[in-house]
Amino acid sequence: MFILHPVMLVISFVCAGVYAFLLRGVRVLMRGLVLLLPMMLVAAAMNPLFNHRGVTILTYLPNGNPVTLEAVLYGLAVAGMLATVITWFVAVNAVMTADKIVFLFGRFWPALSLLLSMSLRFVPRMIRQGRVIVVAQKGLGRKPNALKVISILMTWALENSIETANSMTARGYGLRRRTAFHLYKFHRRDVFALGWMITMALVVGVGVALGVNRYRFFPSVQFHALSGASVIVFVSYFALGAVPIILRAKEVLVWKRINSAM
Amino acid sequence: METYQLRDVTFTYPKRNHRALSNINLTIRQGDFVVLCGASGSGKTTLLRLLKPAVAPHGTLTGNILFERAPLDDMPLRDVASKIGFVAQSPDDQIVTDKVWHELAFGLESLGVPSTDIRLRVAEMANFFGIQSLFRRDVATLSGGQKQLLALASVCVMQPSVLILDEPTAQLDPIAAGDFITALSKMNRETGMTIVLTEHRLEEVLPLAAQVLVLDAGRIIASGSPREAVMGLREVESTFFCAMPTPAHIWAAVDSCGCECPLTLREGINWLAVQRISPQQSQAINSSAQIQSSKYSFALTLKDIWFKYEKNAPDVLKGVSFTARHSEITAILGGNGAGKSTLLSVATGLIKPQRGKVSATHAVRLLTQNPQALFLRNTVADDLREITSDANELARTIGLCELEAVLESHPYDLSGGEQQRAALAKILLTQPKILLLDEPTKGVDAHYKQSFIKILRRLASEGMTIVIVSHDIEFCAECADNCALLFDGDVVAQSNTRAFFAGNRFYTTAANRMARGILPAAITADDIIEALHEV
Amino acid sequence: MKKIFPLLVLCVIFFASCGAADNSDAYRPYTVALHVRVDMLVANMHALDSSQHELIPADGVIFSGYVAVAVGETVFDVLQRTMRDERIHMSARFTPIINEAYVEAIGNIFAFDAGALSGWKFHVNGEFPGISASSVELRDGDVVIWAYTLDLGRDLGATTW
């Protein structure tokens, strides 16, 4: 995701785009791209204004500093990376629900997962109670001002949190050796998927470390020549990025087959 | 085996002179269903909370509390958490996490139970209470009744030997309250779990109880089986009778023949059948049901109101027409989701209907369901002064709402009934001519309900137009001049209160159901008592 | 897509206007010698990242020649103009308030590329003025040397910097 090699960027962007499309549909993706494109252009245009490295001088800025081809290309690559990251997040947003995040943190830090879970309950409650207070104030025949609403809301939150704290101690909160319960199970296919992803990530990592797909933008753009090793890295990178797509596509296909059989 | 033994328990709150509890002696056996009742401030909540150290109030305690024959104080914290389950009044405040499954697991997580065991015990409990379908839901999407069931289930999952519940149904509508009591009784019957609860809605709980304790001013004034407790109460001539089930209430007021006290409606009907009722009285009540025309003009008229919250959402109000007259109390009844609160918001002008017309002769004020949404200051007195500084006006309103004793208290420290009256006082200071009340009896005990009725009647007689939205049938029957039934977004019936309830077969008061065969127009316990006294 | 269009036009206009500042037929009565050298780097190639080795000429000379100079032109003006004419890369940073320019790079070799004390220094007729190149005016016959230092100029024999 954070590698600026153009081939890898394209692989990553395509994977993210296809996955986002499978999850959110064509309209969300298009809307995202329409927002992304100007952002990419701005990022690409901004870079050469401040970065003057590069041997290929295209033109000069009014202050006499050069605009270089390398800086423009680097700006485009960074913009491409930004677009890729955002597209991945569009997809992740659809998959990563709050309780998955709570679970992930809970593995390492049970207290944090409880805190997150409590906040996820508390914040919407505050918002709802805020609305109730606004209605109550209007019912009293007054224009509710923000300060008053917040003041009432704070009192309400503080007073009622005593009852919540009571409920927590009543159910043994604060005893030693707390566990974190979750609904997720680690199945065989999870083992397989994880193994696959780790292997692919290792291949990519080793390849990058050995420099089989070295690239540089400054002072002149240079890429390592295509070799057997670099092709393996690209393929592995694709095999890593395509995992969510394959899982999702398989699900859709199985669903369709079963339904058409009925 | 005894779950609890209390010996000479006396309790005093810090900086108070009088005892909150004095010389309480009682024994609760394993598997008992114990109901603690009494007016607000009688000490029932204090007594209840002393049974669970984690929620016990601060103060001076003398005497002994034994849990399973060992002093409660010596119990290890882990046992206190797992063996004594506690369920509080507010469904919203006692739920800690955002997901149903997480809430169910919370107690077991605290005890350090491994995930695999939690999975099984949580599954068991969700099945027992029939809440499997809610398992992965967000707590925020549950109804009040579902939340309270969840609170119960997430305590029971720790497999306590005793459950302590502090007015668990006070915030629920009657249907949800019934469901909750049913679940509780199932727990008691099928697992032998000891249950101790305080309650002010006694109609349903009392017949289930093995032991009833009535508290007054920190003392037990009656105890024993429900029947023994009612008899005991009658002997000490307690005013607490208004909270008892309607049949017992009527029995206590009139029975002289030494019949056994009826507790359930069925017993009440049988008991009433052997009483003699004067024909004149029956006639008098019947004829009052015929009065139709009112001398007052309309104060608030809603005509053909259609409303939905979103463009593609279903209609909440479907062509509602509704009227309220000057100087009268009009009650709008109806179950959950009938659109009652929406109707009030439309009538107040807080939301604009898509179709239809609202006309009112004066500005309309609304007292919303949750009185806490109004309180701003640290004392009731300051809070009222925030509306007006006119001393005469303040004194008059404080007197009317009987708030003298609580003026210096924090609004959140008041009982449900007191909070409701403080909120009422606040809105009265804005000098409303048309006043709408949303569920004013939520969390209010029988005694305060009576005083609330008196206040509302007085306001109406002084010329105020009052509209109440409620699912409290008994309250509406005693309080309102007119009743309307809202169902599926429309008013399906509106008429004079007596005609309204006398005409209904199921959607009517306990008194009416009890006396239907003999006094078809009697709708309150007082109606029946009056008829019986005539003999 | 319509929103992007004005942005594109702006970019095009901006870049088109960039190359416009050049007045080649100005009167330049003076002649000065200008040298740009990277001897220190030739001797210490290891101090640079390998990607930059191709930028270093074996003899250490990036530019060497005589330049016509107008009256009042500064060391900075002459360097910037000459590098541009010779198509040699050069970039500078400006501090507008005190009107000072700081030469950060010549021939794609930037300050700090060869360590924390590295960068471009200049001397006129063998003297290090110790002030900004945009504050030193040139006279006929001056010899200006720009050299890359690895040690704040000490390796070039400077005593003030």
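Chains B and C do not touch, and their nearest C-alpha atoms sit 30 Å apart; contact here takes C-beta atoms, placed from the backbone, within 7 Å of each other. This is a predicted model, with local features needing pLDDT of at least 70 and side-chain atom pairs counting only at pLDDT 80 or more, while totals for chains, interfaces and linings use all residues. Residues are numbered from 1 along each chain as its sequence is written, and chains are lettered from A and ligands numbered from 1 in the order in which they are written.

Two pairs of chains are in contact, and chains A and B share the most contacts. On the chain B side, 51 residues meet 40 residues of chain A. At least two residues each come from helices H2 (77-83), H3 (91-94), H4 (100-111) and H5 (115-128) and from S15 of chain B. The largest share, nine residues, belongs to H4(B). Sorted by class, this side of chain B has 29 nonpolar, 14 polar and eight charged residues (nonpolar being Ala, Val, Leu, Ile, Met, Phe, Trp, Tyr, Cys and Pro, charged being Asp, Glu, Lys and Arg, and polar the others, Gly among them).

As for chain B itself, it holds 21 helices and 19 strands (DSSP runs numbered from the N terminus, H or I of at least four residues for helices and E of at least two for strands). The radius of gyration of chain B is 24 Å, close to the 24 Å that the globule rule gives for 535 residues, so chain B is as compact as a globular protein of that length; the radius is taken over C-alpha atoms, and the rule is 2.2 Å times the number of residues to the power 0.38. Of the contacts in chain B with a separation of 6 or more, 69% join residues 24 or more positions apart.

Six strands of chain B make an open, mixed sheet in the order S15-S16-S17-S13-S18-S19, where pairing takes at least two DSSP bridges between strands. S15 (364-367) and S19 (490-496) of chain B are at the edges with a single partner strand each, so one side of each has no neighbour in the sheet. S15(B) runs parallel to S16 (residues 434-438) of chain B, joined by four bridges. Within this pair, Arg365(B) stands opposite Leu435(B). Helix H13 (residues 340-348) of chain B packs on the sheet, touching S13 (329-333), S15, S16, S17 (465-470) and S18 (482-487) of chain B, and its direction makes about 155° with that of S16(B). Such angles run from 0 to 180 degrees between N-to-C directions, with axes fitted to C-alpha atoms, for helices over the stretch in contact.
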